[in-house]
Each structure stands twice: as C-alpha cells, then as structure tokens.
Amino acid sequence: MSDKEKLYQERFARYTTALDCGKPDKVPVVFPIGEWFVKYTDTNMQEIYYDVDKSTAIISDLIKDLDFDTMFGSPNLWWPPMFDAIGCKLYKFPGIYFEENSGFQYIEEEYMKAEDYDEFIANPTYWLATKYLPRICGEFSEPGSYRASVALVKGAAAFAMHNDKMARASEKWAKEYAVVPATSGMTKAPFDTLGDALRGTKGILVDLRRRPDKVVAACEAIVPHNIAYAMITAAGDTTFPCFAPLHKGAYPFLSPAFWEKYYWPTWKAVIEGLWSMRKRTFFFAEGDWTPYLEKIAELPDKSIVFCIDLTDAKKAKAVLGGRFCLYGGVPTTLLTYGTPQEVKDCVKKAIDELAGDGGFILAAGGVVMSDAKRENIMAMLEAAREYGVY
C-alpha cells in the first residue's frame, strides 16, 4: 500500500467513524470548495463554469499541499453547455448574461400553474415530461419533434460527459491527494421541490392560504420521487450521506405551525425512506433551525448528518448530540468578514463545545461564497488540526 493509499484509509476511517457518531483519532475537517478560489487565479468565473478540465486542474494545484480529510462544494455546480443544449430557461451564467466574474443566477417563475395541481398529483412523472420540460426548455416546446429529439440526445450526452468528468476528478483527488468524498447523491425536501422549481416562492406562499390541501397532496406525491432520485444519483452507494440542500425550512421563513404541517412530514418521510435502505441524509440546514431541533430528534438514530450554520450549537449538541453526527461550527460570514485569529478562536470554541465525545465534523456551516478570504480558510484548516486531536 502506497503512502497516499494509507493516508486515504486513515482519512476514510476518521470521516466514517464520525458519521456513525464515533470518536476517531482526530476531528475530521472539511475543505470548502467554492467560487472564492477563482479570485486567486488568473482565470474568471465564466471559464471555470464552462471548462471543467481547467477547473479540476486549478483545484488540484490548490489542494496538493493541504491537510484535510474531505472536500465539500463545487466551483461549477451546473455545467452551462448541458443547459444550452436544451435551451433551458432556469439558469443564466456569467460571460453571456452577466459580467464574466459573476455567479450563476436561478430564474424563479411559476413554471407550474395553480390549475396544474390535480394533474401533477395524479402522475408527477407524466406531468413533468409533458408540461414542465416544454415550459422550461425552449428546445422541447414541440415534444416528439425532430428538433426536440435532437436536443434530448444532445442534453443527455452533455449530462453524461459532465458526470464522467466529475467522477474522474474525484478519482484523481482520491488517488493523488487522498481526498475522501463527502457525499454521494442528492435529494431535497418535497416542500422545497414544489416551492423552488415548480410553484416558486410567491406561488407556494399564496397556495398555503388558498389551496393548502393541494400543497400537502403535491408534497406527498413528490416523496417517492425524491427518495428514488437520491439513490439514482448516488448510484446506489450507502457509504456516504446524500446531500440535501434545504431552502424554505429554516426559521422563520414558515411559522412553526406551518412548518410542522407543510414542511416537516414529507421531509421526514424522505429521510426515513432513505434510511430504510441505510442511506444517510446530509441535512444541510443553512440558516437557523433551532426551533425545530426537538422535531428533528424524532428521526431514527444516525439517519442524518446535521449541519450547523446559524442554529444554536449548544442546543443542537444537547438535543441531537450522540444520536446524530454534527457538522459545521464555522459561520460562512466569518470566513468573509473575520480575521484569521477570529477564525482560529471560532474553531477552538466549536471543537470544545461540540467534539468532546466524537460524532463531529469541523467545517463551514454553509456554502462558502466568492467573497471568502483564502487566509481565513487556511486558518480554519490549521486550527482544526491544532485543536482537533482527541
């Protein structure tokens, strides 16, 4: 076994032991990959989004001498050529619609109309294929046409190409730099699927007053799809948790009463459905989830990794600690506006408060954006190794 293979096994054991709420040799530490690193290179966001190979090469050069266990995030979450091939209206990317160093933008609209609820609830897959795709993709405006068929082939080919490039990048980082994958697969809370992609924020908030039963029924119809999507995108893997970005569940977007009635039941059903197949969920709880910790504690032991962003860390430890792995501890705002010493002090406090009996992973509490400072991220890694030895 080479030195890199041995190091990979050490990091893998450290990470997976913490996921199972155990106490490894050190607190696992996560390196945040995001748009922030682009400003320290001679390239720009447009090039990083469109050129996956160049993005991979820059990341490889960045991480080669750093000491961490796993990476989280991506500088190019979406690959624009795939969306260009099908004329997708959902996203706009830098260099074409915006200045070349801007981030991408999601264009939220009511792509699902209020009158579509019954058809969607009866058969979500059929409705998505026949109504949703033609509305969000210009090339699919005439389903079954020659143009739509060619666009479908081009889009599928681009999707496969991007997945292949990302898989090869992950293999390279594991083999050459002993970097352990953080997650496998992706899913969402059904309320977020409905509110983000279909009805839009304004639409779903109106629906909570005018057609609440339809919201409940639509979320229930989405549950099996979000379970299946998680397992398909993970290629059946159950070693690593499934990433679940949560958008409209943080307090106080919904009142606690609405959260318990509309958000939590179907999100809980997705998590429990995945855990029945031993697939753990990465509960990416950006924002403040403090009022909901007792409800989250109803989940099966070890079924989630709970990410602490603005949630009360001490209360999260008291309510969830020992039964669920806790993740985070460093606010993303501190990585942007703080100093290296303030970051180190924060890391020490997080480890003191959260890591004592294991089941803790030191990381940024959310997605690290383009304005983060490199020196603060390096301070986070250094402090994690300095204070994170059991």
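This is a predicted model: local features need pLDDT of at least 70, side-chain atom pairs count only at pLDDT 80 or more; totals for chains, interfaces and linings use all residues.
Student: What makes the phi of Arg-278 worth a remark?

Tutor: Most residues other than glycine have a negative phi. Arg-278 is not a glycine, yet its phi is positive, at about 65°. Cys-21, in the loop between helix H1 (3–19) and E1, also has a positive phi, of about 70°, without being a glycine.

Student: How do you know whether Cys-21 is buried or exposed?

Tutor: Buried means under 20% relative accessible area, exposed over 50%, and partly exposed in between, with a 1.4 Å probe and protein chains only. Cys-21 has 16% relative accessibility, and therefore counts as buried.

Student: Why is Ala-318 called exposed?

Tutor: Its relative accessible area of 64% is what places Ala-318 in the exposed class.

Student: How do you know where helix H11 bends?

Tutor: The bend at a residue is the angle between axes fitted to the seven residues ending there and the seven starting there. For H11 (residues 256–275) this angle is about 45° at Trp-264, and a proline, Pro-265, follows within four residues. Among the buried residues of H11 are Trp-264, Trp-267 and Ile-271.

Student: Why are strands E8 and E9 said to pair?

Tutor: Pairing requires that DSSP finds at least two bridges between two strands. Five bridges join E8 (residues 325–330) to E9, and the strands run parallel, with Tyr-327 opposite Ile-361. Strand E9 (residues 360–364) is mostly covered, five of its five residues being buried.

Student: What makes a space a cavity, and how many of 30 Å³ or more are there?

Tutor: On a 1 Å grid over the protein atoms alone, a cavity is a set of points where a 1.4 Å probe fits but cannot get out, whereas a pocket is an open set with protein on both sides within 12 Å along at least five of seven lines, and lining residues have an atom within 4 Å of a point. The structure holds one cavity of 30 Å³ or more, and the largest cavity contains about 40 Å³ of space. Its lining consists of Val-30, Pro-32, Phe-72, Tyr-327, Ala-363, Ala-364 and Gly-366, with strand E1 (30–32) and E9 the elements that give two or more residues.

Student: Which element gives the largest share of the lining of the second largest pocket?

Tutor: Helix H15 does, with five residues. That pocket holds about 210 Å³, and its lining includes Lys-349, Glu-353 and Leu-354; H13 and H15 (340–354) are the elements that give it two or more residues.

Terms used: Residues are numbered from 1 along each chain as its sequence is written. Side-chain values use heavy atoms; hydrogens and water are left out. Grid points are joined across faces, edges and corners, and a volume is the space filled by probe spheres set on the points.
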